[in-house]
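This briefing is written to be read beside the sequence and the coordinates. A few lead sentences come first, and the points that follow are grouped by topic.

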Amino acid sequence: MKRIFCAVMVFMFVIPLTTSRQATASVTSKPEIRKSMIVSTDWLARHLKDESLVLLQVGEKEEYLAGHIPGARFITNADISTPRGEGLALELPPVAQLQATFEKFGVTDKSRIVIYFSKDWVTPTARVFFTLDYLGFGDRTSILDGGLPAWRAEGKPLVTDVGEAKPGGFTPRPLKQLVVDAAWVSANLNKPGVRILDARARTFYSGEEAGRMPRGGHIPSALNIPFSSLIEESNNKFKNAETLNQLFNAAGVKPEDSVTTYCHIGQQASLLYFVARYLGYDAHLYDGSFEDWSRRPELPVVNSDASKTSIKP
């Protein structure tokens, strides 16, 4: 009888301890890398003739006309932004406008979309990704690592002909929670589990330069991960996942944190958003960014020594 009692007591002690350890491991484990968000030139070459593939090139129109990956369509910031003078710079337009834009490029509910830059427009390319993610296509959209320069360097095919894309058709499923505003940021500045990350260069973050903003500095409690620190300077390819994770860890981002990015107008922040999503974080973007925040006199702005509060590339 005593043996049975002892066995029961041991069982009761071990199970809660094991469950507790499992729960702790679950909380502290690293987010899972979303590898499909970045594709290589070899991957694209293998899938170039897939019926579902939609290729979008970002950059100067002259670069597109001089040579692009077969089947690629040319997309601009104007295609995915509120018309100039009708809101904040680069602000997301109504869903109907975005739907018309991407249907024009042949996007359907079954499309597999790959975006690439023609020269070095990495942040505008990330902005296109963010827009598609907002529409519900994030799981079906990737960025070509290294863009057109990597494709060209490997001697892969280029064309100059510009044909008409077959119009597509899809049902938008906007993920409105991905976009936050000033009120949301203000209410979550010091909330546990929420990290506000500034993607601008250190001089803007510190307030040394204000740029074209009404006030210089940064949003209180925000930490700085410059967008330029996320890619290799030599070839504009993404840094490896281990290095990117180190940047986030150095900024104080914990595995279970929700991340909200911002910059000047939402473009550089789109690259930081993309990397956060790639690393597996719950990511959001303050679309109005510092253009919106700095022009609201009731909202605080902090100036600081950038060398102590920013992440070096």
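Is Asp 109 buried, partly exposed or exposed? With a relative accessible area of 36%, Asp 109 is partly exposed. The model is a predicted one, and its chain contains 12 helices and 10 strands. Of the 313 residues in the chain, 48% count as buried, and among contacts between residues at least 6 apart in sequence, 78% join residues at least 24 apart.

**Salt bridges**

- Eight salt bridges are found in a search of the whole structure, and one of them joins the side chains of Asp 109 and Arg 173, with an N to O distance of 3.7 Å.
- Because Asp 109 sits in the loop between helix 4 and strand 4 (112–117), while Arg 173 sits in the loop between helix 6 (147–153) and strand 6 (179–180), this pair ties together parts that are 64 residues apart in sequence.
- Lys 156 and Glu 154 form a salt bridge whose closest N and O atoms are 2.7 Å apart; Lys 156 counts as buried at 17% relative accessibility, whereas Glu 154, at 39%, counts as partly exposed.
- Glu 154 and Lys 156 also belong, together with Asp 42, to a network of salt bridges.
- A salt bridge of 3.1 Å, N to O, joins the side chains of Arg 296 and Asp 292, where Arg 296 is partly exposed with a relative accessible area of 33% and Asp 292 is buried with a relative accessible area of 7%.

- Asp 257, in the loop between helix 9 (241–250) and strand 9 (258–262), is buried yet has no salt bridge, the nearest side chain of opposite charge being that of Arg 195, 4.8 Å away.
- A polar atom of the Asp 257 side chain does, however, lie 2.7 Å from the backbone nitrogen of Lys 254.
- Beyond its neighbours within four places in sequence, Asp 257 is in contact with residues including Gly 193, Val 194, Arg 195 and Tyr 281.

**Buried elements**

- Helix 10 (residues 268–278) is largely enclosed by the rest of the structure, because 11 of its 11 residues are buried; among them are Gln 268, Tyr 273, Arg 277 and Tyr 278.
- Gly 280, which follows helix 10, has a positive phi near 100°.
- Leu 144, in strand 5 (residues 141–144), is buried with a relative accessible area of 0%.
- The C-alpha atoms of Leu 144 and Ile 115 are separated by 6.2 Å, although these residues are 29 apart along the chain.
- Not counting residues up to four places away in sequence, Leu 144 touches, among others, Val 39, Leu 44, Ile 69 and Ile 115.

- Most residues other than glycine have a negative phi.
- Ser 221, with a positive phi near 75°, is in the loop between helix 8 (202–206) and strand 8 (223–224) and counts as partly exposed at 33% relative accessibility.

**The largest pocket**

- The largest pocket has a volume of about 440 Å³, and of the 19 residues that line it, Glu 51, Ser 52, Leu 53, Val 54 and Gly 106 are the closest to its centre.
- Strand 2 (residues 53–58) gives the most to this lining, with three residues.

Terms used. Residues numbered from 1 in each chain as written. Predicted model: local features only at pLDDT ≥ 70, side-chain atom pairs only at ≥ 80, totals over all residues. Heavy atoms only, no water. Helix = DSSP H or I, 4+ residues; strand = E, 2+ residues; numbered from the N terminus. Buried < 20%, exposed > 50% of the residue type's maximum accessible area, 1.4 Å probe, protein only. Lys, Arg positive; Asp, Glu negative; His and termini not counted. Salt bridge = Lys/Arg side-chain N within 4 Å of Asp/Glu carboxyl O. Polar contact = N/O pair within 3.5 Å; in protein donor to acceptor, adjacent residues only side chain to side chain. Contact = heavy atoms within 4.5 Å. 1 Å grid on protein atoms, 1.4 Å probe; cavity = no way out; pocket = protein on both sides within 12 Å on 5 of 7 lines; lining within 4 Å. Points joined across faces, edges and corners; volume = space filled by probe spheres on them.
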